[in-house]
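Me: I would like to go through this structure in short questions. Please show it, and keep each reply to the value or name asked for.

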Amino acid sequence: MDSFLQSLNIQVITDIAIVVLRILIPLLGIVVVFQCYSSMRRQRRDEKPLIMLENKSNGQILPVLCWENSVGRAKRNDIVISDDLAVSREHCVILRRKEGWFISDTGSKTGTYVNEQKTQGRTPIYINDEIRIGKDTFVLKRAQDYTDVNRSWFYKKEGSKEGIAPFALMMLISIFSLFMATEACLSIEATDFQPLLVFAVFMAVAWTFYIISTKVFKRVGFELEGIALFLTSIGVMLSVRQGLHQTYVQIIACAIGMGVFCFMIKFLQNPDRVNKWRLAIMAVAVVLLLINIVFGSVRGGAANWIMVGGVSVQPSEFVKIAYIFVGASALDQLQTRKNFIIFIIFSAICIGALFIMSDFGTALIFFGTFLMISIVRSGDYKTVVVSAVGAVFGGLFILRFKPYIAARFSSWGRAFETADDLGYQTARVLTYAASGGLIGCGLGNGYLKYVAASESDLVFGLVCEELGLIVAVTIAIAIGGLFFYSRAITTKSRSTFYSISACCAAGLLVLQSSLNIFGATDILPLTGVTLPFVSVGGSSMIACWGLLAFIKAADERTYSIRKR
Amino acid sequence: MRQVRTRSIFVFVLVLLFFAGIIFFTANISINSGSWVQHIYNWHTSGNGGLEKAGKIFDRNGVVLAQNVDGERVYNDDYDTRLATLHVVGDNSLNISTAVQSVYRSELTGYSFIWGLEMPETFRGGNNITLTIDSNACKTAYEALGGMEGAVVVMNYKTGEVLCSVSSKTYDPQDPPEITEENEDEYVGAYLNKVLSSSYTPGSIFKLITTAAALENIPDIDSRTFECSGSAIIGGEKVSCMSSHGTIGIDDALAQSCNIVFAQLAAELGPDKMTQAANKMGINSSFNVGHSPTVKGHYDVKDAEENDLAWSGVGQYTDLTNPMQMCILMSAIANGGNRAEPYYVEHIGGGDFTKQYTSEKNGTAMLESDIAQRLNDMMRYNVTSNYGDYMFGGELTVCAKTGTAEVSDSEDNNDAWMVGFVRDEEFPLAFAVAVEDGNFGISTAGPVAVAAVQACVEGLSAEE
């Protein structure tokens, strides 16, 4: 016993503490992400129809379940009127706005009539109005009991217990960050308390955001914000031992991002208002890109930076937000194919501008998002095939005229063989990622941080090295989960504008993560894009919060006032 | 709105691909992490970084070749032993890539995929490694080299255990030289284990391959006689011999290493059959010794003129062989055609688990058994009729062949070789010695081979 006590000197106690922290950090990370999604899966509105259409001739009831409902003969519609050739495949849209219910004919052959008046554009409808679609006349009725069977697997069964309270979630994230900060204090190269100071500043920002969100805006959910804060805290803590300045810049960017997030949710409240601003948003985006082309400076092979008052800004990041704005649309506009041509032209401008800047990684993200939006909007796979062929030619064009891109392809998949020249970064990512094992070498103990771009393009390797593979995979799951959530709420959103923008914003974030993670780990060629919320980079951080706002806005709970 | 949900299946597929990629990466890193961490640029392990808690390295007799004393890596007490075992054991750096301390560094330092490479020191426990080499035999061989550069390898051809492996140029791992631009000429090849990683012009030892090709393809080879008048014209150009052997049969031709006979045989057999024999005997192959590959030898007569082909049959032209590769060939001749699978590491393990690295691949056929037996006898005849059994002390039944490869016009600038094996049951040793800038095979490589083999025999006797 005596010898056991003697062996417990300070060194041993510290070492035990370090190992315990290293095990707790991944475990807590898993708990945070699990609690966020688990909570999202529990919160679900009862599937009660809002109003109903009653067929005047035979009394058949058609429930109106969504905020925007397509009506037509085709099976894919929300409300199907079959066996009547006078009804067009996509006949009209019944939609709900703050002012009440509207019906909007979407180019049907026989027209839509309200109380025997042929409608033009959005027409308000009221209870007991008679709506004639094709041969049949329907009476608008208040909803009765009706159970929907069409529910997403994402949601848990009704009656399961309550999800985690936002306050508890914030506490978990705080403890997670505190663990990381403590571990960073005990790193090999430097032992000081700077990481705790950074932790304090970051927590001040996070809790302020939490209080504003729950107390001022009275929002019910905090899960999406929780995911973002979880990812951001990892990025911030990884950055502490690399450079304090960049760490504080990252926190400031996060605070600005939160502001953008709140502003956008406010702005997105009315989907029709957004539609009016579409052209203006597009113009601003184009101007941003033009400024970039004219004043841009080259960094890492791409001229995608401009200096604004001593701060370097990456305009293409903000254009991502504008791109989703322009791409998404309300259902009646979707069906009349308004705005689609404008979207295609805007896409061409964005991708073209990125080519001129030689920012091919971001161009690829825009192209991928273009495909996502086009398909989700139109279901038109022809456009996709044509664009993909175009992209292949574009890709060949790049390889022909930009030899350094071709060089990246030549080292792709051969990181270790080319470790001294072209595969320098990826070979080190793999070696150091493996050196971290499952639980990591500890924050600040890594060596990948001395490799150029390790805090941004190669950050996934840095996570693997310092925090271990478990945390790295948890990050991937957290980002991928955003899409499953977005998809689960598509039919619950207040407009297709929200569901399209949420799905595609999540798709964009996942695509960007793919390019980052697989580029760094030699599964794809290295393209040099950031990992959402984790990579150091102010513009990227702000843009990620902006994209997250689309997903938040798609959740109808966001705009409902808390009952308590 | 249902349409939007349906159409988002496209994005759904992309997200599934993302997860498939993550699963792929996770599987990949789980399987390969052990080799991914083994790179010279990994600062977790290079420099003194990784070895503070590394395990000990023992030779076959339990002699400590490397261990940690107060956090410092300390190598064997004896200076010559340190120099002799450097290329097998390695130093603190990862400069000698085939050395045990480089290849098995993660095992030595106790790397595990769960805990990574930076466990706090309290918890870091390395595994000990026991080697098959006899450090005393290595030291004897190194001293026999007497400052000459080259490679010595002796292995047990029954089991594949490497007993002696020495490479020179060498240096002291306790005090490694800082190699700069100014002194780099002095240390050329110091980071190479020449046993595995160098190849030399074989000279007359290649006649064994030509003999094997002749035995296989020329039915009346045993009864044939040849004429040697000191030189001959083959393919319009001269091939010269050390002396004028007169009328001579194949056995005496090999024993007296007559160039004319084997040059003629190579020309007669033609490039295809010669290449076939060389390939079968592994000249153009790489062999794995533990986790380290040997460098490939070289036999390529695709573009050779007839005279070149003739010279290739006596181990000149562009021929190259590697010492370990020749030792493996010797094991095949000694074993009736089946080669041994050499290895350095007897076992790795500390605590509860022991990983066995012993080989199961012994016995891959390299030669037909009758040809192996014939070569075996011919090599025995070399010793009895030419070198004499007294060369190896008189008590061992040694079969051998020497080689002197002319790599320049100077007489002291030859690659001197001696390869062979001991027939005796209790001492199943195959050996290969290559010395750079030597005189003749028998005078330069011979004494080194004798010293190494005798030291191994002594060691094995002591074990019994």
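Me: In chain A, through how many residues does a hairpin join strand 5 to strand 6?
Reply: This is a predicted model, in which local features need pLDDT of at least 70, side-chain atom pairs count only at pLDDT 80 or more, and totals for chains, interfaces and linings use all residues. Residues are numbered from 1 along each chain as its sequence is written, with chains lettered from A and ligands numbered from 1 in the order in which they are written. Strands (E, at least two residues) and helices (H or I, at least four) are DSSP runs, numbered from the N terminus. In chain A, strand 5 (residues 92-97) and strand 6 (residues 100-105) run antiparallel with six bridges, and the hairpin between strand 5 and strand 6 passes through two residues.

Me: Which residue is the bridge partner of A:Phe102 in strand 9 of chain A?
Reply: Two strands pair if DSSP finds at least two bridges between them. Strand 6 of chain A is joined by four bridges to strand 9 (residues 122-125) of chain A, and the two run antiparallel. In strand 9, the partner of A:Phe102 is A:Pro124.

Me: Which residue in strand 18 of chain B is the bridge partner of B:Ala405?
Reply: Strand 17 of chain B is joined to strand 18 (residues 414-422) of chain B by nine bridges, the two running antiparallel. In strand 18, the partner of B:Ala405 is B:Asp415.

Me: How many residues of helix 15 of chain A are buried?
Reply: A residue is buried if 20 or more other C-beta atoms lie within 10 Å of its own, exposed if 12 or fewer, and partly exposed in between, with C-beta atoms placed from the backbone. Among what covers helix 15 of chain A are helix 2 (10-42), helix 5 (223-240) and helix 14 (424-436) of chain A. The buried residues include A:Phe460, A:Glu465 and A:Glu466. Of the nine residues of helix 15 (residues 459-467), the number buried is nine.

Me: Which helix of chain B gives the largest share of the side that touches chain A?
Reply: The contact takes 53 residues from chain A and 40 residues from chain B. Helix 1 (2-7) and helix 2 (9-36) of chain B each supply at least two residues of that side of chain B. The largest share, 15 residues, comes from helix 2 of chain B.

Me: What percentage of the residues of chain B count as buried?
Reply: Chain B has 14 helices and 19 strands. Of its 464 residues, the buried share is 54%.

How values were computed. Contact = placed C-beta atoms within 7 Å.
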